[in-house]
Amino acid sequence: MTSAGAPRPPTPVRVYCRRLAGLLVLDPNGDQVGRVRDVVVTLRLGHAPPRVLGLAVEVQHRPIFVPINRVTGVESGAVILSSARLSWRRFAQRAGETLVLGELLDRRVAQVATGREVTVLDAAISPVRGGEWILDQVAVRVGRGRRGEVHTVAWDEVGGLSLPEDGQGAANLLAAFEKLRPADLASMLHDLSHKRRAEVAAALDDERLADVLEELPEDEQVELLGGLADDRAADVLEAMGPDDAADLLGELPEEDAERLLQLMEPEEAAPVRQLLRYADDTAGGMMTSEPVILAPSATVAEALARVRAPELSPALAAQIYVVRPPYETPTGRYLGLAHFQRLLREPPSTLVGAVIDIDTRPLRPDTPLADVTRYLASYNLVAAPVLDDAGRLVGVVTVDDVLDHILPPDWRERQLADDAAEYGAFHGPDDDEPDGRESELDERGPEPDDRGPEPGGAGQDQPGPS
């Protein structure tokens, strides 16, 4: 019997995996490691619940594996680790491993007792003896509709979760990550199977899919676009920026690209066709045809309102371009550009025609990449206007597009690896690894079958994350 005033032992807890999605992961000092992307489990024979191996954690668009025994708690909306010493190798799913959010959510299975079809909405993990965790409960919805009853059942009360399934939806997976930025969602998609990627792409709306495609490698863009019906693919291309759509279409066979262009709305296809005329390593091939364009009679207040648009990149919002009508590329005669800093120094009622810079020399569409790079560096610019032979503005080259062309193809991977190494070096080794070398093991055990002893029953649970 517990005496009065004695501390009550902590109660084992159950954590639902959708609650973990996107949570911050903090080391013991409170420094941010990354965000939870998924829960890694291994399925077992018979009705034994899956054993939880750990978490897939996103660290600057790079997934790493964090063993579940490094997790000490879930507090105030964050996962707390017992150590900052981690393996910074990129997480790669092994044979026999399953991603709870990526592969189990939205799966249609049968409830054993009734035989009714149910859809998996969520899954819960619980601690057992020895610091291990198991996936012991599943939240399901009866039937296929969104209004079916929702039940929480034990793992062994549903059948078929270990079998591959055709036509799996993705609504609940996307709901778990609805607040992810496009780059983060693209990183998650990158590590899913081809089948699951296609299912997620089918479930995304056109605007969201367009944003995600712009963040993926070109081969994966082509794969996902090729998996869509032609009409849907054309709608997604219309939602992309013209320069990104042109880059993607440039990777397709000419007849496929032309077929999709024919399906696009003429006003959406026109700027893409224009960009496809130019070589990839020229100003015309790198430019975007949707900069901020205003008439000389517009006021500074109007210009500042335009550059506040949240969809504008910082480079495009840095300056506006002043032209004669028409005000869409290719425009009327180009007059000059107005820098954002200059606009901030002027009264709101000032006309932009009175504050334009006419000394910055525009580029031509056929200007080669090397000259564009030197131009931006020489004038300390983040964007530059591109004019045709008639003196009309046809687009703008931004510094981020130039960097994408001059850096090596794998520069993002190299940077992530460098960041991870720097983070590990800063936090130092664990006490049990005094030589400071990163362990070659990620504590998932031998591959692929022997995952350690079976966990005990619920009556022997030990405290886990709260």
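## A three-strand sheet

In strand β15, Val322 is the bridge partner of Leu294. The model is a predicted one, and this pairing belongs to an open sheet of three strands in the order β14-β15-β16, with mixed pairing. The edge strands are β14, residues 293-294, and β16, residues 334-339, and each of them pairs on one side only.

Strand β15 covers residues 319-323 and runs parallel to β14, to which two bridges join it. In general, strands of a sheet pair through backbone hydrogen bonds, either parallel or antiparallel.

## Overall make-up

The protein has 18 helices and 18 strands. Of its 466 residues, 48% count as buried. The protein exposes about 23,100 Å², and carbon and sulfur atoms supply 51% of that area.

Among the contacts with a separation of 6 or more, 62% are between residues 24 or more positions apart.

Nonpolar side chains tend to be buried together in soluble globular proteins. The largest nonpolar core here has 95 residues, of which Leu20, Val79, Leu135 and Leu237 touch the most other members. Strand β11, residues 133-142, gives the most to this core, with five residues. Apart from it lies another core, of 15 residues, including Val300, Val322, Ala338 and Leu343.

## Aromatic pairs

A pair of aromatic rings is described by the distance of the centres and the angle of the planes. The structure holds two such pairs. Phe65 and Phe91 are stacked, with 6.2 Å from centre to centre and 20 degrees between the planes. This pair links distant parts of the chain, 26 residues apart: Phe65 is in strand β5 (residues 62-67), and Phe91 is in the loop between β7 (78-81) and β8 (97-99). Both Phe65 and Phe91 are buried.

The rings of Tyr375 and Tyr379 have centres 5.0 Å apart and planes at 50 degrees, so this pair is tilted. Planes under 30 degrees apart would count as stacked, and those over 60 as edge-to-face. Tyr375 and Tyr379 are four residues apart in helix α16 (residues 369-379), so about one helical turn separates them. Is each tyrosine buried or partly exposed? Tyr375 is buried, with a relative accessible area of 3%, whereas Tyr379 is partly exposed, with a relative accessible area of 38%.

## Arg197 in helix α5

Arg197 lies in helix α5, residues 194-203. Its relative accessibility is 5%, so Arg197 counts as buried, the cut-off being under 20%.

With which side chain does the side chain of Arg197 make a polar contact? The partner is the side chain of Glu223, at 3.1 Å. Leaving aside neighbours within four places in sequence, Arg197 is in contact with Leu189, His190, Leu192, Glu220, Glu223 and Leu224.

Conventions:
Residues numbered from 1 in each chain as written. Predicted model: local features only at pLDDT ≥ 70, side-chain atom pairs only at ≥ 80, totals over all residues. Heavy atoms only, no water. Pairing = 2+ DSSP bridges. Phe/Tyr/Trp six-rings, centres within 6.5 Å; stacked < 30°, edge-to-face > 60°. Buried < 20%, exposed > 50% of the residue type's maximum accessible area, 1.4 Å probe, protein only. Polar contact = N/O pair within 3.5 Å; in protein donor to acceptor, adjacent residues only side chain to side chain. Contact = heavy atoms within 4.5 Å. Core = buried A, V, L, I, M, F, W, Y, C linked by side-chain atoms within 4.5 Å. Areas by Shrake-Rupley, 256 points an atom, 1.4 Å probe, with all protein chains shown as cover.
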